[in-house]
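User: I would like to learn how to read helix packing in a model. Can you take me through it?

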Amino acid sequence: MPEVIPPLFDTLVIIGPGLIGSSILRRARDDRRIARHLVACDISPEVRARVAELDIADTVEADPVRAVRGADCVIICVPVGAIALVAAQVLPAMKPGAILSEVGSVKKTVMDAMQPLLAAYPDIAFLPAHPMAGTEFSGPDAGFATLFEDRWCLLTPPENTPPAAIARITTLWEMMGARVRCMTVEHHDRVCAIVSHLPHLLAFTICGTADDLADETRSEVLDFAASGFRDFTRIAASDPTMWRDIFLNNREALLEMLDRFIADAQAMGNAIRTGDEDVIVRRIKRGRAIRRSLIENRQA
């Protein structure tokens with residue numbers, strides 16, 4: 001008889017089955033090599049009811065402490081500002097040898113908040129992850145099993161993280177379809193400030209600028225919106241609470257990138273003002289080259 005290979009985790013718990021969390025559940029539902037038993041936990045009765053209707057978890061819990069008992073891996077999928085609060089609730093109930101992870105897009109402030117908590121639980125491996133995937137939608141209905149396909153998942157393991165824990169979380173994300181890379185929390189936050197956080201800041205701002213125009217012009221903006229503006233509005237439709245937490249928790253790196261962007265935007269404005277065609281064309285060509293590289297890297 002063929003050898004029966006046990007799943008990567010016996011019990012996998014997702015706290016916060018929104019876009020990311022429900023996508024993890026859907027993928028694990030489709031691929032039972034990931035986990036034998038799937039648990040979803042949320043404080044919202046509406047979310048719990050919807051998760052049950054969607055049948056993307058074997059068990060749905062309201063109490064995170066009860067949800068994590070006996071779990072091999074717990075992934076916190078809540079806004080960045082709430083990650084440490086949830087971790088403080090569940091760590092005392094987790095079994096020795098289990099793995100605690102999260103999927104926030106800011107790491108330094110999360111790690112700073114987690115360090116005092118983790119010191120009391122040396123038998124729990126904490127391994128932050130950030131899947132670089134998403135849409136402007138939220139909630140359990142927003143998820144889909146292929147969300148992470150060919151996307152990067154960035155891991156920021158603390159020092160002295162057991163290699164076995166890193167290997168299991170790496171395997172988890174590879175089974176989700178992602179490509180995995182490890183880096184420090186500081187490097188992670190600087191990279192995400194320019195490739196994710198600054199574009200969202202600009203999208204929210206330009207939509208606000210358009211909305212502040214005189215009534216007649218604003219109507220025309222909305223009526224005649226071209227693809228460029230529509231792309232900004234798609235990004236600007238993202239969850240306000242999540243992005244408030246991201247901006248405030250990554251403020252130093254984000255403000256640094258914003259200052260650099262302002263300087264570059266002013267330089268482009270000066271080139272337009274003075275008719276410097278070489279500078280204008282050179283910057284446009286750089287943008288085209290970046291777009292081509294994203295397509296070649298299967299990230300667009």
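Predicted model: local features only at pLDDT ≥ 70, side-chain atom pairs only at ≥ 80, totals over all residues.

**Reading helix packing**

Analyst: α11 and α12 are oblique to each other. Residues are numbered from 1 along each chain as its sequence is written, and side-chain values use heavy atoms, with hydrogens and water left out.

User: At what angle do the axes of α11 and α12 cross?

Analyst: Two packed helices are described by the angle between their axes and the distance between the axes. Here the axes of α11 (residues 251-274) and α12 (residues 277-296) cross at roughly 135 degrees and come within 8 Å. Axes are lines fitted to C-alpha atoms, for helices over the stretch in contact; angles run from 0 to 180 degrees between N-to-C directions. Helices are DSSP runs (H or I, at least four residues), numbered from the N terminus.

User: Is the crossing of α11 and α12 left-handed or right-handed?

Analyst: Left-handed. That means the near helix is turned anticlockwise from the far one by less than a right angle; clockwise is right-handed.

User: Which residues make the contact?

Analyst: Contact means heavy atoms within 4.5 Å. α11 gives Asp264, Ala267, Met268, Ala271 and Ile272; α12 gives Val279, Ile280 and Arg283. They divide into 6 nonpolar, no polar and 2 charged. Ala, Val, Leu, Ile, Met, Phe, Trp, Tyr, Cys and Pro count as nonpolar, Asp, Glu, Lys and Arg as charged, and the others, Gly among them, as polar.

User: Which residues of α11 are buried?

Analyst: Buried means under 20% relative accessible area (1.4 Å probe, protein chains only). In α11 these are Ala253, Leu254, Met257, Leu258 and Ala271. The buried residues of α11 pack against α7 (185-211), α10 (240-249) and α12.

User: How do α7 and α11 pack?

Analyst: Their axes are 9 Å apart, at an angle of about 65 degrees. α7 and α11 are therefore roughly perpendicular to each other. The crossing of α7 with α11 is right-handed. In the contact, α7 residues including His197 and Leu201 meet α11 residues including Met257 and Phe261. That contact has 10 nonpolar, 1 polar and 4 charged residues.

How values were computed: Helix = DSSP H or I, 4+ residues; strand = E, 2+ residues; numbered from the N terminus. Parallel < 35°, antiparallel > 145°, perpendicular 65-115°, else oblique. Buried < 20%, exposed > 50% of the residue type's maximum accessible area, 1.4 Å probe, protein only.
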